[in-house]
Amino acid sequence: MPPTHHLHDTPDLFALSDINGPVLRPGEDGYAEEVTGFNLAALHTPDVVIGATDGADVATAMRWATATGTPVAVQATGHGANFPMDRGLLINTARMTDVHIDPARRTATIAAGAKWRHVLEAAAPHGLAALTGTSTDTGAVGYTVGGGLPVLGRAYGYATDHVRSFQVVTPDGTLHETDAANEPELFWALRGGKGNVGIVTQLVCDLLPLSRLLGGGIYVPGDQAKALLTAWAQWTPTVPQEMCSAFTLLRLPPIPQIPEPLRGGFWARVAIAWTGAPEDGERLIAPIRAAAPVAVDTVEEMDYTALDRIHLEPQDPLPARESCLLLRDLPPDAIRAFLDEVGPEAPDCPLLMVEIRHMGGALSRPAPTEDAICARDATYLLETVGVLEAPPAAEAIERATRDLHAAMTPYSTGHTMVNIHGTPGDEEDRARPWTPEVYAHLRHAKSVYDPSNLLRFGHTVSPAA
């Protein structure tokens with residue numbers, strides 16, 4: 001393993017002079033903007049940050065990092081940032097936003113810094129769509145290498161199920177082209193293994209012939225959460241796999257960014273996404289509308305590019321703590337345990353959002369090519385988000401998250417999803433997105449492609465001994 005140097009020990013950045021983008025140290029103009037991502041809870045303080053403009057910039061930076069033993073992190077939008085990096089080299093790919101649509105092959109070629117919004121805008125004129133998550137403001141590549149859980153996941157599977165190939169720079173500075181036939185071990189690790197083996201500079205994925213859907217939210221006052229959740233839990237096993245939905249509790253702050261009448265309220269919601277005939281979708285969701293007095297109903301036929309209107313994710317950067325837990329089932333005991341912790345009887349709950357997403361369907365089928373996703377046995381996914389406005393709030397959010405997870409553990413698969421796992425802890429906690437076999441496999445791949453563990457920030461694993 002090469003020695004780890006800090007940049008005050010290695011002041012010569014001459015080897016980075018070939019990089020087309022900025023190369024900045026702390027205190028220099030542009031540094032703060034370059035290191036700041038969407039999640040303000042993960043404030044990076046690297047010794048140097050580069051603004052990569054293409055794969056060659058990434059390769060140059062990685063060769064320098066290997067030569068100097070400098071640990072590396074990568075950031076595009078910073079939505080998935082869960083772990084602040086201290087020292088080292090940060091590679092910002094936000095300038096790499098190229099998207100190319102091939103309508104004949106129904107594919108998108110997506111550069112490392114492109115957001116899903118860029119992809120949808122490029123694909124929509126061709127009547128095509130990509131499998132984005134609940135916010136189109138997130139980076140397509142970071143989302144996908146973590147598995148990618150789409151809004152339409154029950155209908156079409158994980159984002160990684162639709163990847164054809166990656167371009168990736170490994171820590172030795174080599175640019176690889178990998179797919180199912182070419183370097184399959186690398187291809188495997190990049191689909192659900194997150195950023196453990198290299199930095200993806202480009203991917204090619206399949207697109208769907210889809211331009212419209214039925215989507216939105218059915219909101220009831222928070223004191224009706226039990227009625228709505230009970231009805232939803234009884235309804236989900238009966239619907240076809242094309243019906244995608246989530247039950248959410250929202251404690252919304254009184255801020256202008258949130259529309260009336262939702263602003264400042266406590267709400268229970270079922271979010272709906274359905275790609276079949278609108279009249280069939282309306283008929284299917286009738287039991288949800290009948291479960292409790294509906295205060296706001298935004299379910300309507302919409303352009304696929306308006307997908308953000310379904311879950312209404314925050315659009316402005318904020319300091320957030322997220323977590324998740326995969327669930328086997330949701331019996332009445334689980335509903336009671338859930339509501340005891342975060343429902344109307346827990347008025348001091350500090351969590352902005354608590355969501356249970358319906359999994360199964362195409363999310364449960366085997367991958368077309370073996371990958372590192374270990375969530376295919378889950379029936380539901382529990383996710384929490386809290387906003388870390390001050391230290392007391394942070395402590396309360398940690399406690400509420402821990403208590404909720406403890407209450408729901410009897411109904412859990414024992415695993416999480418790496419993209420929304422939250423801040424990784426010790427090795428046992430870091431291993432939770434994967435089965436023991438897949439975790440061992442990922443550590444082996446890490447030892448092949450990153451034996452010096454330069455990619456050690458964020459939710460990474462250690463190389464096998």
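Contact means heavy atoms within 4.5 Å. The structure shown is a predicted model.

**View A. Helices α7 and α11 pack against each other.** In α7, the residues A225, K226, L229, T230 and A233 meet I335, F338 and L339 of α11. By class, the residues of this contact comprise six nonpolar, one polar and one charged. Helix α7 spans residues 225-235 and helix α11 spans residues 332-342. Their axes are 11 Å apart, and the packing angle is about 150 degrees. The handedness of the α7 and α11 crossing is right-handed.

**View B. W232, F247, F338 and Y380 make up one aromatic cluster.** F338, a member of this cluster, is also among the α11 residues that meet α7. In the whole structure there are six aromatic pairs.

**View C. The rings of W116 and Y143 form an edge-to-face pair.** The ring centres lie 5.5 Å apart and the planes stand at 85 degrees; planes over 60 degrees apart count as edge-to-face, so the pair of W116 and Y143 is given that class. W116 belongs to helix α3 (residues 116-123) and Y143 to helix α4, so the pair ties together parts 27 residues apart in sequence. Both partners are buried: W116 has a relative accessibility of 2%, and Y143 has one of 11%.

**View D. R251 is placed over the face of F266.** The distance from R251 to the ring centre of F266 is 4.1 Å.

**View E. G146 sits in the loop between α4 and α5.** Helix α4 covers residues 140-145, and α5 covers residues 153-156. The relative accessible area of G146 is 4%, so this glycine is buried, the limit for that class being under 20%. Leaving aside residues up to four places away in sequence, G146 touches G192, K194, V418 and N419.

**View F. K194 has a positive phi.** The phi of K194 is about 60 degrees, although K194 is not a glycine. Most residues other than glycine have a negative phi. K194 is located in the loop that runs between α6 (184-189) and β9 (199-206). K194 is also one of the residues touched by G146.

**View G. L312 also has a positive phi.** For L312, which is not a glycine, phi is about 50 degrees. L312 is found in the loop between α10 (308-311) and β15 (320-327). With a relative accessible area of 44%, L312 is partly exposed.

**View H. A cis peptide bond joins E260 and P261.** Omega for this bond is about 5 degrees. Most peptide bonds are trans. P261 occupies the loop between β11 (243-251) and β12 (266-274).

**View I. G281 is a buried residue of helix α8.** Helix α8 consists of residues 278-284. G281 has a relative accessibility of 0% and therefore counts as buried. Its contacts, not counting residues up to four places away in sequence, are L214, M243 and W274. G281 and M243 are 38 residues apart along the chain, and their C-alpha atoms are separated by 7.8 Å.

Definitions and conventions:
Residues numbered from 1 in each chain as written. Predicted model: local features only at pLDDT ≥ 70, side-chain atom pairs only at ≥ 80, totals over all residues. Heavy atoms only, no water. Helix = DSSP H or I, 4+ residues; strand = E, 2+ residues; numbered from the N terminus. Buried < 20%, exposed > 50% of the residue type's maximum accessible area, 1.4 Å probe, protein only. Axes fitted to C-alpha atoms, helices over the stretch in contact; angles between N-to-C directions. Left-handed = near helix turned anticlockwise from the far one by under 90°. Nonpolar A, V, L, I, M, F, W, Y, C, P; charged D, E, K, R; others polar. Phe/Tyr/Trp six-rings, centres within 6.5 Å; stacked < 30°, edge-to-face > 60°. Lys NZ or Arg CZ within 6 Å of the ring centre and 35° of its normal.
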